[in-house]
Amino acid sequence: MISRLDNQIALVTGGSRGIGKEIALELARLGAKIAINYNRGEAEARAVAEEIDKLGSECLVLQADVSDKNQARGLVNQTIEHYGQLDILVNNAGITRDKTLKKLSDEDWESVINTNLNSVYYTVSAAYPSMIERSYGRIVNISSFVGQAGNFGQSNYAASKGGIIAFTKSAAQELAKNNITVNAIAPGFTETEMLAKVPDEIREKILAKIPMRRFGKPNEIARAVVFLVADGDYITGQQINVNGGVYM
Ligand code: NDP
(Lines give C-alpha, C1' and ligand atoms only; values in the text may rest on other atoms or scores of the structure.)
Protein backbone atom coordinates (compact mmCIF):
# COMPACT_ATOMS: atom_id res chain seq x y z
CA MET A 1 0.00 0.00 0.00
CA ILE A 2 1.39 3.36 -0.98
CA SER A 3 1.56 6.00 1.79
CA ARG A 4 -0.91 8.90 1.76
CA LEU A 5 0.17 12.47 1.03
CA ASP A 6 -2.51 14.25 3.06
CA ASN A 7 -1.51 17.79 4.09
CA GLN A 8 1.31 17.86 1.56
CA ILE A 9 1.63 20.49 -1.15
CA ALA A 10 2.96 19.57 -4.58
CA LEU A 11 3.96 21.76 -7.51
CA VAL A 12 4.12 20.09 -10.94
CA THR A 13 5.56 22.13 -13.79
CA GLY A 14 3.97 21.42 -17.16
CA GLY A 15 1.01 19.80 -15.43
CA SER A 16 -1.54 20.65 -18.11
CA ARG A 17 -1.18 17.49 -20.18
CA GLY A 18 0.83 14.33 -20.85
CA ILE A 19 3.08 13.02 -18.10
CA GLY A 20 2.71 16.11 -15.88
CA LYS A 21 -1.07 15.83 -15.88
CA GLU A 22 -0.90 12.19 -14.73
CA ILE A 23 1.63 13.09 -12.02
CA ALA A 24 -0.68 15.83 -10.72
CA LEU A 25 -3.69 13.48 -10.70
CA GLU A 26 -1.84 10.65 -8.94
CA LEU A 27 -0.54 13.02 -6.26
CA ALA A 28 -4.05 14.39 -5.76
CA ARG A 29 -5.46 10.85 -5.47
CA LEU A 30 -3.17 10.34 -2.49
CA GLY A 31 -4.48 13.48 -0.83
CA ALA A 32 -1.87 16.11 -1.77
CA LYS A 33 -2.97 19.62 -2.67
CA ILE A 34 -1.63 20.59 -6.05
CA ALA A 35 -0.31 23.54 -8.01
CA ILE A 36 0.10 22.95 -11.72
CA ASN A 37 1.79 25.17 -14.19
CA TYR A 38 1.35 25.60 -17.92
CA ASN A 39 2.84 27.93 -20.49
CA ARG A 40 0.28 28.14 -23.31
CA GLY A 41 -2.55 25.66 -22.75
CA GLU A 42 -4.76 27.38 -20.20
CA ALA A 43 -7.91 25.42 -21.11
CA GLU A 44 -6.08 22.10 -20.69
CA ALA A 45 -4.68 23.22 -17.34
CA ARG A 46 -8.14 24.29 -16.12
CA ALA A 47 -9.53 20.88 -17.16
CA VAL A 48 -6.88 19.14 -15.05
CA ALA A 49 -7.76 21.38 -12.10
CA GLU A 50 -11.43 20.38 -12.47
CA GLU A 51 -10.50 16.69 -12.41
CA ILE A 52 -8.48 17.31 -9.26
CA ASP A 53 -11.43 19.10 -7.65
CA LYS A 54 -13.60 16.07 -8.43
CA LEU A 55 -11.05 13.88 -6.64
CA GLY A 56 -11.75 15.97 -3.53
CA SER A 57 -8.42 17.80 -3.59
CA GLU A 58 -7.50 21.37 -4.59
CA CYS A 59 -5.54 22.67 -7.55
CA LEU A 60 -3.97 26.06 -8.09
CA VAL A 61 -3.37 26.83 -11.79
CA LEU A 62 -0.41 29.07 -12.58
CA GLN A 63 0.75 30.36 -15.94
CA ALA A 64 4.52 30.76 -16.25
CA ASP A 65 7.22 30.20 -18.81
CA VAL A 66 9.71 28.14 -16.80
CA SER A 67 12.54 29.05 -19.15
CA ASP A 68 12.36 32.56 -17.70
CA LYS A 69 14.11 32.72 -14.33
CA ASN A 70 11.75 35.27 -12.79
CA GLN A 71 8.63 33.44 -13.93
CA ALA A 72 9.99 30.05 -12.79
CA ARG A 73 10.92 31.37 -9.36
CA GLY A 74 7.62 33.28 -9.17
CA LEU A 75 5.81 29.99 -9.69
CA VAL A 76 7.41 28.47 -6.60
CA ASN A 77 6.84 31.63 -4.56
CA GLN A 78 3.16 31.87 -5.56
CA THR A 79 2.62 28.24 -4.56
CA ILE A 80 4.20 28.84 -1.14
CA GLU A 81 2.21 32.07 -0.68
CA HIS A 82 -1.05 30.33 -1.55
CA TYR A 83 -0.64 27.13 0.46
CA GLY A 84 1.90 28.24 3.09
CA GLN A 85 4.43 25.51 2.24
CA LEU A 86 5.88 23.34 -0.52
CA ASP A 87 6.68 19.68 0.14
CA ILE A 88 6.95 18.20 -3.33
CA LEU A 89 8.42 19.80 -6.45
CA VAL A 90 8.18 17.93 -9.74
CA ASN A 91 10.11 19.50 -12.59
CA ASN A 92 8.31 18.03 -15.56
CA ALA A 93 7.91 20.82 -18.16
CA GLY A 94 9.93 20.08 -21.26
CA ILE A 95 10.12 20.60 -24.99
CA THR A 96 11.89 19.15 -28.01
CA ARG A 97 13.34 20.96 -31.01
CA ASP A 98 14.77 17.97 -32.85
CA LYS A 99 17.35 18.63 -35.55
CA THR A 100 20.71 17.21 -36.52
CA LEU A 101 23.69 19.33 -35.56
CA LYS A 102 23.99 20.53 -39.16
CA LYS A 103 20.54 22.13 -39.01
CA LEU A 104 20.37 23.10 -35.35
CA SER A 105 20.19 26.85 -34.70
CA ASP A 106 21.34 28.73 -31.62
CA GLU A 107 17.67 29.36 -30.87
CA ASP A 108 16.90 25.60 -31.01
CA TRP A 109 19.77 24.96 -28.60
CA GLU A 110 18.96 27.77 -26.19
CA SER A 111 15.21 27.24 -26.00
CA VAL A 112 15.62 23.56 -25.12
CA ILE A 113 18.40 24.14 -22.56
CA ASN A 114 16.49 27.04 -20.97
CA THR A 115 13.15 25.22 -20.83
CA ASN A 116 14.35 21.75 -19.82
CA LEU A 117 17.49 22.34 -17.76
CA ASN A 118 17.82 25.93 -16.57
CA SER A 119 14.23 25.82 -15.35
CA VAL A 120 15.16 23.02 -12.94
CA TYR A 121 17.86 25.16 -11.38
CA TYR A 122 15.46 28.13 -11.14
CA THR A 123 12.66 26.26 -9.38
CA VAL A 124 14.93 24.25 -7.10
CA SER A 125 16.85 27.35 -6.05
CA ALA A 126 13.56 29.05 -5.18
CA ALA A 127 12.14 26.01 -3.36
CA TYR A 128 14.95 24.64 -1.21
CA PRO A 129 15.22 27.47 1.40
CA SER A 130 11.68 26.88 2.63
CA MET A 131 12.21 23.10 2.46
CA ILE A 132 15.33 23.48 4.62
CA GLU A 133 13.35 25.54 7.14
CA ARG A 134 10.84 22.70 7.46
CA SER A 135 13.46 19.91 7.19
CA TYR A 136 11.43 18.24 4.48
CA GLY A 137 11.39 18.18 0.71
CA ARG A 138 10.86 15.75 -2.15
CA ILE A 139 12.17 16.94 -5.52
CA VAL A 140 11.72 14.85 -8.67
CA ASN A 141 13.16 15.95 -11.99
CA ILE A 142 11.89 14.40 -15.19
CA SER A 143 14.88 13.51 -17.33
CA SER A 144 14.82 11.03 -20.25
CA PHE A 145 16.68 7.92 -21.35
CA VAL A 146 17.99 10.21 -24.11
CA GLY A 147 19.99 12.01 -21.42
CA GLN A 148 21.68 8.68 -20.66
CA ALA A 149 22.05 7.19 -24.14
CA GLY A 150 22.04 10.18 -26.51
CA ASN A 151 19.90 10.15 -29.64
CA PHE A 152 20.34 11.06 -33.29
CA GLY A 153 18.89 14.53 -33.94
CA GLN A 154 18.52 15.37 -30.25
CA SER A 155 21.85 16.85 -29.14
CA ASN A 156 20.10 19.82 -27.50
CA TYR A 157 17.50 17.64 -25.77
CA ALA A 158 20.06 15.01 -24.71
CA ALA A 159 22.31 17.68 -23.22
CA SER A 160 19.39 19.14 -21.26
CA LYS A 161 18.29 15.75 -19.94
CA GLY A 162 21.84 14.58 -19.13
CA GLY A 163 22.34 17.88 -17.34
CA ILE A 164 19.26 17.19 -15.23
CA ILE A 165 20.75 13.89 -14.04
CA ALA A 166 24.06 15.53 -13.09
CA PHE A 167 22.26 18.41 -11.36
CA THR A 168 20.06 15.93 -9.48
CA LYS A 169 23.04 14.03 -8.06
CA SER A 170 24.80 17.22 -6.95
CA ALA A 171 21.71 18.80 -5.38
CA ALA A 172 20.95 15.48 -3.66
CA GLN A 173 24.36 15.51 -2.01
CA GLU A 174 23.97 19.08 -0.81
CA LEU A 175 20.42 18.76 0.51
CA ALA A 176 20.41 15.24 1.98
CA LYS A 177 21.26 16.41 5.50
CA ASN A 178 18.10 18.54 5.49
CA ASN A 179 15.86 15.56 4.70
CA ILE A 180 15.35 16.80 1.15
CA THR A 181 15.61 14.07 -1.46
CA VAL A 182 16.34 14.87 -5.09
CA ASN A 183 15.82 12.19 -7.71
CA ALA A 184 15.37 11.92 -11.46
CA ILE A 185 12.98 9.77 -13.45
CA ALA A 186 14.22 8.81 -16.89
CA PRO A 187 11.22 7.80 -19.02
CA GLY A 188 11.52 5.95 -22.29
CA PHE A 189 9.24 6.76 -25.22
CA THR A 190 5.88 7.62 -23.67
CA GLU A 191 2.50 8.14 -25.39
CA THR A 192 1.98 11.92 -25.18
CA GLU A 193 1.76 14.84 -27.60
CA MET A 194 5.56 14.97 -27.55
CA LEU A 195 5.73 11.47 -29.05
CA ALA A 196 2.77 12.14 -31.36
CA LYS A 197 5.00 14.63 -33.21
CA VAL A 198 7.25 11.77 -34.35
CA PRO A 199 6.38 10.55 -37.89
CA ASP A 200 4.73 7.10 -38.12
CA GLU A 201 7.60 5.34 -39.91
CA ILE A 202 10.03 6.50 -37.23
CA ARG A 203 7.62 5.38 -34.48
CA GLU A 204 7.67 1.89 -36.02
CA LYS A 205 11.47 1.86 -35.97
CA ILE A 206 11.47 3.05 -32.36
CA LEU A 207 9.01 0.32 -31.31
CA ALA A 208 11.25 -2.36 -32.78
CA LYS A 209 14.05 -1.19 -30.47
CA ILE A 210 11.97 -1.34 -27.26
CA PRO A 211 12.31 -4.77 -25.62
CA MET A 212 8.73 -4.55 -24.26
CA ARG A 213 7.50 -3.67 -27.79
CA ARG A 214 5.22 -0.87 -26.64
CA PHE A 215 5.40 2.78 -25.64
CA GLY A 216 5.05 3.79 -22.02
CA LYS A 217 1.83 5.25 -20.66
CA PRO A 218 1.99 8.62 -18.86
CA ASN A 219 0.50 7.02 -15.77
CA GLU A 220 3.38 4.52 -15.64
CA ILE A 221 5.79 7.43 -15.26
CA ALA A 222 3.49 9.13 -12.73
CA ARG A 223 3.39 6.06 -10.50
CA ALA A 224 7.20 6.03 -10.25
CA VAL A 225 7.14 9.70 -9.22
CA VAL A 226 4.52 8.96 -6.60
CA PHE A 227 6.55 6.06 -5.22
CA LEU A 228 9.58 8.34 -4.79
CA VAL A 229 7.67 11.08 -3.00
CA ALA A 230 5.38 8.87 -0.91
CA ASP A 231 7.67 5.98 0.05
CA GLY A 232 11.16 6.88 -1.12
CA ASP A 233 12.31 8.39 2.17
CA TYR A 234 15.78 6.83 1.91
CA ILE A 235 16.20 7.21 -1.86
CA THR A 236 18.14 10.21 -3.10
CA GLY A 237 20.40 11.12 -6.00
CA GLN A 238 18.99 8.29 -8.12
CA GLN A 239 17.85 8.03 -11.69
CA ILE A 240 14.90 5.66 -11.97
CA ASN A 241 14.45 4.28 -15.47
CA VAL A 242 10.86 3.69 -16.60
CA ASN A 243 11.49 2.78 -20.18
CA GLY A 244 10.33 -0.70 -21.23
CA GLY A 245 13.97 -1.75 -21.36
CA VAL A 246 15.01 0.60 -24.16
CA TYR A 247 18.08 1.57 -22.14
CA MET A 248 19.50 -0.70 -19.42
P1 NDP B 1 3.97 17.28 -23.50
O2 NDP B 1 4.49 17.99 -24.67
O3 NDP B 1 2.78 16.39 -23.64
O4 NDP B 1 3.65 18.34 -22.30
C5 NDP B 1 4.61 19.28 -21.96
C6 NDP B 1 4.12 20.10 -20.80
O7 NDP B 1 5.14 21.08 -20.48
C8 NDP B 1 2.86 20.88 -21.08
O9 NDP B 1 2.10 20.97 -19.89
C10 NDP B 1 3.39 22.26 -21.46
O11 NDP B 1 2.46 23.30 -21.20
C12 NDP B 1 4.57 22.38 -20.54
N13 NDP B 1 5.57 23.34 -20.99
C14 NDP B 1 6.27 23.31 -22.14
N15 NDP B 1 7.08 24.39 -22.22
C16 NDP B 1 6.88 25.09 -21.08
C17 NDP B 1 7.41 26.30 -20.56
N18 NDP B 1 8.33 27.00 -21.24
N19 NDP B 1 6.97 26.75 -19.37
C20 NDP B 1 6.05 26.04 -18.68
N21 NDP B 1 5.51 24.89 -19.11
C22 NDP B 1 5.92 24.42 -20.30
O23 NDP B 1 5.22 16.48 -22.90
P24 NDP B 1 5.33 15.08 -22.14
O25 NDP B 1 4.24 14.92 -21.17
O26 NDP B 1 5.59 14.03 -23.14
O27 NDP B 1 6.72 15.31 -21.38
C28 NDP B 1 6.81 15.67 -20.01
C29 NDP B 1 8.27 15.53 -19.60
O30 NDP B 1 8.70 14.19 -19.81
C31 NDP B 1 9.21 16.42 -20.42
O32 NDP B 1 10.24 16.94 -19.59
C33 NDP B 1 9.79 15.45 -21.42
O34 NDP B 1 11.05 15.86 -21.89
C35 NDP B 1 9.87 14.18 -20.59
N36 NDP B 1 9.94 12.96 -21.38
C37 NDP B 1 8.95 12.65 -22.27
C38 NDP B 1 9.04 11.49 -23.03
C39 NDP B 1 8.01 11.10 -24.03
O40 NDP B 1 8.26 10.16 -24.81
N41 NDP B 1 6.85 11.71 -24.05
C42 NDP B 1 10.22 10.60 -22.90
C43 NDP B 1 11.17 11.01 -21.93
C44 NDP B 1 11.03 12.16 -21.20
P45 NDP B 1 1.86 24.23 -22.41
O46 NDP B 1 1.25 23.31 -23.40
O47 NDP B 1 0.89 25.13 -21.75
O48 NDP B 1 3.02 25.02 -22.95
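1. Ground rules. Residues are numbered from 1 along each chain as its sequence is written, and side-chain values use heavy atoms, with hydrogens and water left out. Since this is a predicted model, local features need pLDDT of at least 70 and side-chain atom pairs count only at pLDDT 80 or more, while totals for chains, interfaces and linings use all residues.

2. Who sits around the ligand. There are 31 residues around the ligand, and S16, R40, G41, Y157 and T192 come nearest (a residue is near a molecule or strand if one of its heavy atoms lies within 4 Å of it). Sorted by class, this shell holds 11 nonpolar, 15 polar and five charged residues. For the classes, Ala, Val, Leu, Ile, Met, Phe, Trp, Tyr, Cys and Pro count as nonpolar, Asp, Glu, Lys and Arg as charged, and the others, Gly among them, as polar.

3. The side chain of S16 has an N or O atom 2.7 Å from an oxygen atom of the ligand. For N92 it is a polar backbone atom that lies 2.7 Å from a ligand oxygen. On the nitrogen side, a ligand nitrogen atom is 2.8 Å from a polar side-chain atom of D65.

4. Cover and contributing elements. On its own the ligand has 890 Å² of accessible area, and the protein covers 94% of that (Shrake-Rupley method with a 1.4 Å probe; for residues, only the protein chains shown count as cover). Two or more shell residues come from each of α1 (18-29), β2 (33-38), α6 (155-175) and α7 (193-196). Helices (H or I, at least four residues) and strands (E, at least two) are DSSP runs, numbered from the N terminus.

5. Helix α1. How long should α1 be at 1.5 Å a residue? Its 12 residues should span 16 Å, and the end C-alpha atoms are 17 Å apart, which agrees (the expected span is 1.5 Å times one less than the number of residues). α1 is also mostly covered, with nine of its 12 residues buried; buried means under 20% relative accessible area, exposed over 50%, and partly exposed in between, with a 1.4 Å probe and protein chains only. The buried set is I19, G20, E22, I23, A24, L25, E26, L27 and A28.

6. Helix α4. The 29 residues of α4 (residues 106-134) should span 42 Å at 1.5 Å a residue, and the end C-alpha atoms are 41 Å apart, so the two agree. There is still a kink of about 40 degrees, centred on N118 (the bend at a residue is the angle between axes fitted to the seven residues ending there and the seven starting there). T123 is also in α4 and is buried, with a relative accessible area of 0%. From T123 to E133, 10 residues along the chain, the C-alpha separation is 17 Å.

7. N7, in the segment before β1 (9-12), has phi near 70 degrees, positive in a residue other than glycine. N7 is exposed, at 68% relative accessible area. N179, in the loop between α6 and β6 (180-187), has a positive phi near 60 degrees and is partly exposed at 32%.

8. Pairs apart in sequence. K169 lies in helix α6 and is partly exposed at 36% relative accessibility; its C-alpha atom is 8.7 Å from that of Q239, 70 residues away along the chain. I210, in the loop between α8 (200-209) and α9 (218-231), is buried at 1%. I210 and G244 are 34 residues apart in sequence, with 6.3 Å between their C-alpha atoms.

Methods
A polar contact is a pair of N or O atoms within 3.5 Å; within protein, one must be able to donate a hydrogen and the other to accept it, and residues adjacent in sequence count only if both atoms are side-chain atoms.
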